[in-house]
Amino acid sequence: MSEFKRLVFSGVQPTGNLHLGNYLGAIKKFVALQAESDCIYCVVDLHSITAQLVHPDLKNQIRSIAAAFIASGIDPEKHIVFNQSAVPQHAELAWVFNCVARIGWMNRMTQFKDKAGKDRENASLGLLAYPSLMAADILVYRATHVPVGDDQKQHLELARDIAMKFNLDFAEGIRQGGRGIDITVGEEPVHAYFPMVEPLIDGPAPRVMSLRDGTKKMSKSDPSDLSRINLMDDEDAISKKIRKAKTDPDGLPSELEGLKGRPEADNLVGIYAALAGKSKAEILAEFGGQQFSVFKPALVDLSIATLSPITSEMRRLMDDTTHIDAILKKGGERARARAEVVMNEVRDIIGFLR
Ligand code: AMP
Ligand code: TRP
């Protein structure tokens, strides 16, 4: 065999409210990938305790991410939707990866530096090891493709480094069991047990920016609620936030070139394009020469038309959580069965007795 079977995996943390950045950077892509791939989508609750240990309403936060997946159109029968803590093999493989990865690799992660802030010594050990668990999430299914927003690129590079080092360090164990696959990484032939994961980041909105400042990422942790559109916002809130979104005084250009140096305009055009499933160039061909007073109302209409059916379905699912709970339970069982096959091979490759 010369190729790993294509399998999509991604995860979203159950912290705070989902926003338009999460939807366009991740969930909308998850939905689109279902047609062509086998997919596993995970609510990564183990990751959520790395930055903040105690979450008073964690169970409902977990459910609401699963509800967002389902409401957006993910099919939990054809694919797998579950929460990470239901599959202990993630944490078990993460431990192995903690021993494969080097402390220096973790120290270089920009997300760790941002989240730990000035007082690094006081950050949790889990926050430092976060990317190791993320690599385990993906590789415990030997998944090959990972749709994420641009901010996760560095973590996926690290997942490749971990996979590569595991493949090389355990080359002998992998060969003995006849479990590897011959691949080439760059020019080099490698007999690999774990695939080199491919990030799926492209699209018109890989990085959705704050509505108040086009140079800052739209984020759950921004103190200003006007900076983001939440998936649970009602129509009035969406309309108000887009009308108040920061722009410059010029109208829209007709060519992509004209968005250079105009981060707010670029962001709004990217959002429109991603919502419409078109490219930014196509949107500029439509709106070039128009003022924001024309473009913003069109963006409000498109945002509401796209998001309100999702919001109302999420609300319906959250009203009676038995359906969501059943989906997560069944997804967890299916995921566990698959992860255990890989973990058994990993235990053999390393040489643990079982
Ligand atoms: P998180 O909520 O941090 O677990 O992120 C879930 C997914 O949303 C990840 O794939 C992120 O890369 C993506 N994401 C988060 N914020 C943004 C943003 N502002 N623009 C695009 N994607 C984002
Ligand atoms: N770190 C990702 C984020 O904050 C969430 C995540 C955890 C993830 N494990 C993953 C994403 C595995 C993709 C694949 O957005």
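Modeller: Let me begin with residue classes: Ala, Val, Leu, Ile, Met, Phe, Trp, Tyr, Cys and Pro count as nonpolar, Asp, Glu, Lys and Arg as charged, and the others, Gly among them, as polar. By that division, the lining of the second largest pocket has 13 nonpolar, four polar and one charged residues. This is a predicted model, in which local features need pLDDT of at least 70 and side-chain atom pairs count only at pLDDT 80 or more, whereas totals for chains, interfaces and linings use all residues. Residues are numbered from 1 along each chain as its sequence is written.

Colleague: What makes helix 4 oblique to helix 7?

Modeller: Helix 4 (residues 89–100) and helix 7 (residues 125–139) pack at an angle of about 125 degrees, with their axes 8 Å apart. Angles under 35 degrees count as roughly parallel, over 145 as roughly antiparallel, 65 to 115 as roughly perpendicular and the rest as oblique, so the angle makes helix 4 oblique to helix 7.

Colleague: Which residues of helix 4 and helix 7 make the contact?

Modeller: With contact meaning heavy atoms within 4.5 Å, they include Phe-97 and Asn-98 of helix 4, and Ala-129 and Ser-132 of helix 7. The residues of this contact divide into nine nonpolar, three polar and one charged.

Colleague: Which element gives the largest share of the lining of the second largest pocket?

Modeller: Helix 7 does, with seven residues, and the pocket itself has a volume of about 450 Å³. Among the residues closest to its centre are Asn-98, Ala-129 and Ser-132.

Key:
Chains lettered and ligands numbered in written order. Heavy atoms only, no water. Axes fitted to C-alpha atoms, helices over the stretch in contact; angles between N-to-C directions. Helix = DSSP H or I, 4+ residues; strand = E, 2+ residues; numbered from the N terminus. 1 Å grid on protein atoms, 1.4 Å probe; cavity = no way out; pocket = protein on both sides within 12 Å on 5 of 7 lines; lining within 4 Å. Points joined across faces, edges and corners; volume = space filled by probe spheres on them.
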